[in-house]
Amino acid sequence: MVFFDSRPDWQLSASRVTPERIFWQRRRFMKSLIGAGVGLAAASAGACQRSNAGDVDLDTTLGQPLIGVRQNPAFADAGRDLTEQIYASSYNNYYEFGGSKNIWESAQALPADPWQLEVGGLVKNPTTFDLDDLTERFDLEERIYRFRCVEAWAMVVPWIGFPMKAIMNVVEPTSAAKFVRFTSFYDPQVCPGPGLSLSRNLPWPYTEGLTIAEMANDLAFFAVGIYGRTLPKQHGAPIRMVTPWKYGFKGAKSIVKIEFVAEQPATYWNTLAPNEYKFEANVEPEVPHPRWSQATERLIGERTAMFSWEEQPTVIYNGYGDYVAGLYR
Ligand code: MTE
């Protein structure tokens with residue numbers, strides 16, 4: 001994103017993305033590991049075996065099985081093949097832990113247990129949730145959602161979690177609440193940042209925001225798991241936002257605080273580059289990023305010899321217009 005280059009990430013030179021050798025090493029390893037099954041099946045597919053490929057141990061980052069989670073039939077088919085977990089879980093954006101896509105190892109420094117998620121602001125019942133609350137208090141379901149990063153890469157992943165409105169039902173926002181601010185974990189002792197001199201003066205902690213109506217929408221989801229297991233740290237353990245009709249940067253990871261507020265809150269990327277990263281940030285193929293087109297997207301996955309990924313047209317609201325178009329009329 002804005003830190004590095006005027007080109008989207010998939011156009012960056014080889015030295016700026018995961019070195020191909022490492023990518024393929026991981027790919028070989030993970031293919032043997034989870035090629036047999038994804039989604040809920042992953043929990044029983046032995047995704048925690050040791051690597052035969054030397055020092056590669058992505059498997060140890062993949063979280064604990066979440067057993068008996070039902071799949072929501074409305075979101076059982078995203079119209080595209082599921083992305084293999086090797087790609088989703090080793091190609092991440094988490095700038096607190098580094099400026100490349102290859103942060104899955106450094107993100108293991110995140111202290112995700114114990115955890116407290118404080119929910120307050122303009123609500124009747126301020127509540128603090130602990131780690132057990134996040135997986136036990138709400139009715140967990142699996143939803144296969146499309147995911148579209150503003151950098152024009154995309155994937156399809158099976159999240160496990162609960163609708164955001166379940167938390168609204170507990171805390172009961174007052175009529176004065178119009179927006180919601182979400183704050184990610186940040187500790188400068190633990191989070192090295194993206195590197196380079198740009199690490200200075202960044203608006204940490206990472207924050208994001210939604211309108212109340214967006215948070216109450218059926219699609220808005222808190223994920224506590226992915227591929228049948230609790231969230232790996234690189235995906236934002238133990239709880240992150242998932243708003244599949246918006247660009248991926250709206251999905252703040254490792255949330256520690258949710259505040260119901262009266263005014264539109266400042267957010268991380270919008271503060272850094274307001275002309276490039278809008279507060280609303282809905283997926284819109286006709287609206288180019290100032291530095292690249294949004295008309296098409298590349299599905300992360302098996303690369304060809306040319307190192308390109310499968311390209312698809314971008315769909316308005318990432319294909320979720322039936323759920324959300326009414327919010328923006
Ligand atoms: N949340 C935090 N706290 N820090 C981040 O750097 N990156 C965002 C979003 N949430 C980010 C974040 C961006 S730009 C994207 S595309 C998604 O996380 C990537 O999610 P994934 O790594 O799980 O695919």
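Is Cys-149 buried or exposed? Cys-149 is buried, with a relative accessible area of 3%; buried means under 20% relative accessible area, exposed over 50%, and partly exposed in between, using a 1.4 Å probe and protein chains only.

## What you're looking at

This is a predicted model, where local features need pLDDT of at least 70 and side-chain atom pairs count only at pLDDT 80 or more, while totals for chains, interfaces and linings use all residues. Residues are numbered from 1 along each chain as its sequence is written, and side-chain values use heavy atoms, leaving out hydrogens and water.

## The overall build

Count up the secondary structure and you get 7 helices and 13 strands. These are DSSP runs, numbered from the N terminus: H or I with at least four residues for helices, E with at least two for strands.

The protein has 329 residues, and 55% of them count as buried. Now take its contacts (heavy atoms within 4.5 Å) with a separation of 6 or more: 73% of these come from residues 24 or more positions apart.

## Cysteines

A search of the whole structure turns up 0 disulfides, meaning pairs of cysteine sulfur atoms within 2.5 Å.
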